[in-house]
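Reader: I am new to reading protein models. Could you take me through one, feature by feature?

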Amino acid sequence: MTIAQNLGFPRIGERRELKKATEAYWKGDLDRKGLESTGTELRQSNWEKQKAAGVDLIPSNDFSYYDQVLDMMCLVGNIPERFGWSGGNVDLDTMFAIARGIQGGGKDAIAAEMTKWFDTNYHYIVPEFTPKTQFSLASTKVFDEFDEAKKLGITTKPVLVGPVTYLTLGKVTEGDFDKLSLLDDLVGVYEQILSKLASQGAEWVQIDEPVFSLDLSKAQQDALRAAYDRLSKVAGIKIMVANYFNDLADNRELFTSLPVDALHLDAVRGAEDIEPVAARVGDKTSLSVGIVDGRNIWATDLEKSLSTLKTAHGELGSDRLMVGPACSLLHSPVTLRSEEKIDAEFKSWLAFAEEKLDELVFLARAADGQVDQQKLASNKEALANRAESARIHDEAVQRRVAGITAKDYARGSAYPERARKQHTKLGLPAFPTTTIGSFPQTQDVRQARAAHKKGKMSDAEYDAFLEKQIQDAVKMQEDMGFDMLVHGEFERNDMVEYFGEKLSGYAFTQFGWVQSYGTRYVKPPIIYGDVSRSEPMTVKWSKYAQSLTDKPMKGMLTGPVTMVQWAFVRDDQPRSETVKQVALGIRDELVDLEAAGLAAIQCDEAAFREGLPLRRADWDAYLDWATKSFRLTASGVRDETQVHTHMCYSEFNDIIESIAAMDADCISIETSRSQMELLDSFVKFQYPNEIGPGVYDIHSPRVPNKQEMIQLLEKARDVLPAERIWVNPDCGLKTRGWAEVKPALQHMVDAAKELRETTKAA
Ligand code: 39S
Ligand code: ZN
């Protein structure tokens, strides 16, 4: 029988139960038992949903209170020294301390770093390795959850992040040695884990090695071979190695030669791998074809997928064929069931995690000849209806895109000429101070928005509320002595969703949350059709804010790459086409902001680097359209209008040329945590325009003092021309509280003032 298997289910709950319970626990409003019982309920409900859908092989240990890589750190006892762990089982609070840092009660340890999980908007906690790193079995979570499901009558397939992926994603924080030298010791712990799972009665274990989606070095290839040679010898348990997020490319041969019981491949991004891999796998190895997209929300084309699966079926027979999602469903919203504002027609085009389970089961049964004809017919009809729908196609948009010319990609003059005009117009001092745009989204801001949404607060009341917030923010910035102000973005739920709600061609959900990191989730809008802007989206608030002050106010927008990258994007045309339409919509907004009197406009491209393809060979094509779409967005305004951009969590070494080619007048970046190290690429490349290297780490509640910010700025001044340096925090301040933000910003402005004095004197 062909097996319907799942790689992972969203753990956050249909109504973000996990976020609510975890945050209540952190605040002290819920005890540990309470939090753990929410965890138990969520796991049980997820397993039962999958069982009811007919999934044959259901995962466990895909649940996490924070992050699956952090869970692996705990499982293999890889706890950074500063958290004072002294052996034994790593407890929940130590785990949270690693993720969030800890201060007080005699402890003071900064959080482990967090970074993007491959090319997704999910962030994992980065494992740390030092010359002292030694691994040991230090958590019972994976075993406990297996037993928990077994008691419910479900023999699950525990999921682990694989040893080579784990080492690849971690970083050496002390000493200078090769991470892969730790492999032997680490695999020893994996052997113990597998033996224990076997003794508990586990039939399968899923070991995720998405490093197969990257360009692998010879050393990584050897490590993969060595790891699975050893692990395959553990008796009594079958190993499935899973790759996802890309095709196999040059790694195909290595992948198919692993001596394991099953291989999972991403057949959405690597459809061309199915046939050759099916033909090459050993005759005792099963192949899991990941044909249901785990990262997008479109209903699967069942007929087409079935015909693809039939080829694999012919090669492997039903005993060795499995059908799965391309990757874990962690990256999908939970269910379409609760969506009340999406009409039936539109719903028929979509599949969230629960609906994807049904697709998997349909396909596995159909591969064996049991075709649910009704489901097949309704899927066919929905797809045909979507392809022809008038909701998708807008000829005016298509004509406008077709009419784009080379001129539309370039500002009137080159940067030096623009800079002269802008500096004359703005009249700013040296080391001008500004912020990245958002101010704390406090409980009362969120509550007002929720009340307005529910109709409990009138439009007029909500507007008055927002005006009051803006007045306070403007007054605060003036009092502190800021040079370029922002309005604070109190009207925005999210930097992508807010614009998605206002653009045509975008749809949004009520409950379609997806975990971004820890307890922070996003609700990505859905780009389903040709995109256009019918009216100004931000002008009202920026213009109001500008009316309150003589200082320049900065308009705040989200750039086209980020708007596309952080949305569920249509799959019926290339991203490079969709992004042009979005760029034109935002371009119109810049022009309107300029006309409304805004002399500076920032267009954030926070997701620019994360959009970079996983393999080098694909970079140029991406960088070409990504860079062009920013230029298209920014080139409708006059020379005098200063265009800023912002990027966070980013390293730029390998893409600095493209960053420069975006030709923003000023870019702000995250540099404080790296002590300005991240500035190196800008210095080496002699980045030609203005830069705001962040001097305030906004990921921590810690308030930096004036002196440390001066030191950071002096480092910047040593290597960059003083007249091109801006002073700003690392990122927006929406996740912070005013209690820390106010003193930190005052210290920052004071630091800039002092630097002006010492620079003049020198
Ligand atoms: N991706 C996106 N899309 N946006 C980003 O800002 C980022 N930043 C980076 C990378 N990726 C991103 C880091 N990732 C959040 C999410 C992702 C982040 C960083 C921060 C975040 O703060 N998310 C918020 C959260 O999880 C939700 C933001 C939001 O949409 O808490 N809020 C809505 C709003 O403000 C809904 C808020 C809400 O929960 O309107 N309302 C309550 C409800 O609906 C009611 C209000 C109340 O009584 O509190 O139940
Ligand atoms: Zn940022």
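This is a predicted model: local features need pLDDT of at least 70, side-chain atom pairs count only at pLDDT 80 or more; totals for chains, interfaces and linings use all residues.

Reader: Which residues are the closest to ligand 1?

Author: Start with the shell. Here 25 residues surround ligand 1. The closest are Lys19, Asn121, Arg449, Asp494 and Lys734.

Reader: How many residues of each class does the shell around ligand 1 have?

Author: Sort the shell by class. There are eight nonpolar, eight polar and nine charged residues around ligand 1.

Reader: What lies 2.5 Å from an oxygen atom of ligand 1?

Author: Look for N and O atoms in pairs; a polar contact needs them within 3.5 Å. A side-chain N or O atom of Lys734 is 2.5 Å from a ligand 1 oxygen. For Arg446, a polar side-chain atom is 3.1 Å from an oxygen atom of ligand 1. With the side chain of Gln443, the distance from an N or O atom to a ligand 1 oxygen is 3.2 Å.

Reader: Which elements give two or more residues to the shell around ligand 1?

Author: They are helix 17 (443-453), strand 16 (514-517) and strand 17 (520-522). Helix 17 gives the most, with five residues.

Reader: Is Lys141 buried or exposed?

Author: Check the relative accessible area against the cut-off: buried means under 20%. Lys141 has 16%, so Lys141 is buried. Lys141 is part of helix 5 (residues 141-151). Beyond its neighbours within four places in sequence, Lys141 is in contact with Asn61, Phe63, Ser64 and Asp71.

Reader: Where is Asn61 found?

Author: Asn61 sits in the loop between strand 2 (59-60) and helix 3 (68-75). Asn61 has a relative accessible area of 10%, so Asn61 is buried. Now read the backbone angle. Phi of Asn61 is near 65°, a positive value in a residue other than glycine.

Reader: What is phi of Gln686 near?

Author: Phi of Gln686 is near 55°, again positive in a residue other than glycine. Gln686 is in the loop between helix 25 (680-685) and strand 23 (690-693). Gln686 is exposed, at 66% relative accessible area.

Key
Residues are numbered from 1 along each chain as its sequence is written. Chains are lettered from A and ligands numbered from 1 in the order in which they are written. Side-chain values use heavy atoms; hydrogens and water are left out. A residue is near a molecule or strand if one of its heavy atoms lies within 4 Å of it. A polar contact is a pair of N or O atoms within 3.5 Å; within protein, one must be able to donate a hydrogen and the other to accept it, and residues adjacent in sequence count only if both atoms are side-chain atoms. Helices (H or I, at least four residues) and strands (E, at least two) are DSSP runs, numbered from the N terminus. Ala, Val, Leu, Ile, Met, Phe, Trp, Tyr, Cys and Pro count as nonpolar, Asp, Glu, Lys and Arg as charged, and the others, Gly among them, as polar. Buried means under 20% relative accessible area, exposed over 50%, partly exposed in between (1.4 Å probe, protein chains only). Contact means heavy atoms within 4.5 Å.
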